[in-house]
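Q: Please take a close look at one part of this model. How do its pieces pair, and what packs against them?

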Amino acid sequence: MPNAKRRDWHDQIQRCDCPAFEEHTVRDNLRMMLAQRLDYLSEMVEGIFTGLSGEHVTNRPEGFSKRMIISYVYTEHGSTTDRSGLIHDLRAVLAKFMGYELPRHRGSASMLYKIRDTTGVWFTLDGGALRIRVYKKGTAHLEVHPDLAWRLNEILAHRHPRAIPSAYRRRPETRQRTATLLNRPIPFPVLQLLEKGTYWRYERPPRQANEFSFDWDARHDRKLLAEAKAILEVLGGVPIANSDAYLFDYPAQDVIGEVLLSGLLPDQRSHQFYPTPPEIAEAVIDAAQIGPNHRCLEPSAGQGGLASFMPQDQTHCVEISPLNCQVLRARGFEASEADFMSWRDGVFDRVCMNPPYDRRRARVHLERAVSMLAPGGRLVCVLPASYKEKDLLPGMSMSWSRTYRDAFPGVSINVAILTVQAPG
């Protein structure tokens with residue numbers, strides 16, 4: 001239901017100006033709502049457009065653009081106004097475009113409550129469809145993905161055919177450059193289960209510090225609960241025996257909060273995020289022979305599958321995923337949020353790595369890492385076992401470990417550990 005209709009209903013209830021609660025009245029209202037449901041989408045779009053601030057030149061009278069501004073979303077005391085419903089309507093329309101489940105109205109209100117004190121910072125929502133930034137005076141700046149903004153104008157033109165220029169109703173000819181790495185949207189019902197859960201920051205028997213426990217109602221839908229549990233495991237949570245609770249080895253409250261705000265997880269295949277199994281990680285560190293004064297690096301670190309076995313105060317991590325980078329920092333590591341192939345920060349005595357394998361990226365990542373070795377430095381890398389037959393680094397001293405078969409859960413691949421010794 002559009003924000004304007006929700007507001008009218010609320011006002012009627014507040015005035016006690018409602019029809020009698022009788023069967024025929026309820027049936028008539030339901031019939032009316034069902035008959036109007038096809039118009040609700042266009043009414044939402046029109047309501048969003050007319051609700052945009054008239055004081056900001058960013059808002060264009062010809063139709064929606066990528067950037068838009070809504071004023072008075074918050075009161076001077078920080079509570080949300082009824083204009084926050086326009087942001088919920090925008091999220092609902094974009095969800096329709098992308099085939100996602102519609103967000104709950106309370107979910108949008110909760111999101112606005114969480115970000116109200118973090119002014120001037122962009123937050124990404126709903127699979128990258130929308131970004132939002134709020135300011136102390138109560139204004140919200142919104143950025144809609146350009147591939148979706150023109151579709152809003154298509155619907156607006158349906159209600160006002162002569163008002164919206166045709167240029168605003170076409171897909172942009174020059175598409176915005178997007179990263180090749182993808183993020184996976186999390187279904188709204190799963191986000192709701194996580195939102196209702198409780199994070200125990202401090203130890204309160206029988207709860208432990210950094211423990212997440214689900215609300216009792218979460219047990220009613222085992223399928224959704226399983227999806228929510230899988231997300232916690234991706235974030236590094238370990239299930240506690242005989243319970244639906246998870247324990248983290250780092251303060252995960254902010255990381256879970258970021259997932260709730262963005263509604264995204266790094267796509268495993270795109271990011272090549274396959275954490276290094278402990279058995280292989282320990283073998284890598286043994287081969288690295290890290291000394292007390294060695295400066296160490298883990299490129300494409302994920303959440304620190306190798307770094308967790310390395311001296312924390314000597315180790316630097318490079319990771320392209322903002323979420324994984326946040327996990328690394330929460331675990332106490334120094335981490336750079338960057339694409340390793342375009343990052344360079346000095347030389348290192350020891351490099352331990354498990355690079356991405358697809359599209360032949362493993363070899364170029366290996367060559368890049370070798371270029372960062374200090375004289376006499378050592379690099380240890382987990383690679384597909386098929387690479388043992390290739391002359392990867394001509395002129396370098398190399399040795400291989402045994403082959404580890406089906407080493408990564410859910411992935412059928414054999415790997416081996418390469419040790420490279422740089423000339424002194």
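A: Strands β16 and β17 (residues 415–421) run antiparallel and are joined by 6 bridges. Thr-403 stands opposite Ala-416 in β17. Helices (H or I, at least four residues) and strands (E, at least two) are DSSP runs, numbered from the N terminus. Two strands count as paired if DSSP finds at least two bridges between them. The model is predicted, so local features need pLDDT of at least 70 and side-chain atom pairs count only at pLDDT 80 or more, while totals for chains, interfaces and linings use all residues. Residues are numbered from 1 along each chain as its sequence is written, and side-chain values use heavy atoms, with hydrogens and water left out.

The pair belongs to an open sheet of 7 strands, in the order β13-β12-β11-β14-β15-β17-β16. The pairing in this sheet is mixed. Its edge strands are β13 (334–337) and β16 (397–404), and each of them pairs on one side only. From one strand to the next, the twist averages 15°. In a regular strand, side chains alternate between the two faces of the sheet.

Further along the order comes β14 (348–353). Of its 6 residues, 5 are buried (under 20% relative accessible area; exposed is over 50%, partly exposed in between, with a 1.4 Å probe and protein chains only). That is why β14 is described as largely enclosed by the rest of the structure. With strand β11 (residues 296–298), β14 is joined by 2 bridges, and the two run parallel. Here Leu-297 stands opposite Val-351 in β14. The pairing of β14 with β15 is also in the parallel sense, over 5 bridges. In that pairing Phe-348 stands opposite Leu-373 in β15.

Helices lie against this sheet. Helix α10 (residues 278–288) lies across β14, β15 (373–384), β16 and β17, and runs at about 160° to β15. Helix α11 packs on the sheet as well, where it touches β12 (315–319) and β13. The direction of α11 makes about 170° with that of β13. Contact means heavy atoms within 4.5 Å. Axes are lines fitted to C-alpha atoms, for helices over the stretch in contact, and angles run from 0 to 180 degrees between N-to-C directions.

Helix α11 (residues 322–330) also meets helix α8 (residues 253–262): their axes come within 9 Å and cross at roughly 165°. That angle makes α8 roughly antiparallel to α11. Angles under 35 degrees count as roughly parallel, over 145 as roughly antiparallel, 65 to 115 as roughly perpendicular and the rest as oblique. On the side of α8, the contact is made by Asp-254, Val-255, Glu-258 and Val-259, and on the side of α11 by Leu-323, Gln-326 and Val-327. By class, this contact has 4 nonpolar, 1 polar and 2 charged residues. Ala, Val, Leu, Ile, Met, Phe, Trp, Tyr, Cys and Pro count as nonpolar, Asp, Glu, Lys and Arg as charged, and the others, Gly among them, as polar.

Strand β7 (residues 211–213) pairs with β6 in the antiparallel sense over 3 bridges, and Thr-198 stands opposite Ser-213 in β7.

A further helix crossing shows another angle. The axes of helix α6 (residues 188–196) and helix α7 (residues 222–234) come within 9 Å and cross at roughly 70°. These two helices are therefore roughly perpendicular to each other. The crossing of α6 and α7 is right-handed. Pro-189, Val-190, Leu-193 and Leu-194 of α6 meet Leu-224, Leu-225, Glu-227, Ala-228, Ile-231 and Leu-232 of α7. The contact of α6 with α7 divides into 9 nonpolar, no polar and 1 charged residues.

Technical notes: A crossing is left-handed if the near helix is turned anticlockwise from the far one by less than a right angle, and right-handed if clockwise.
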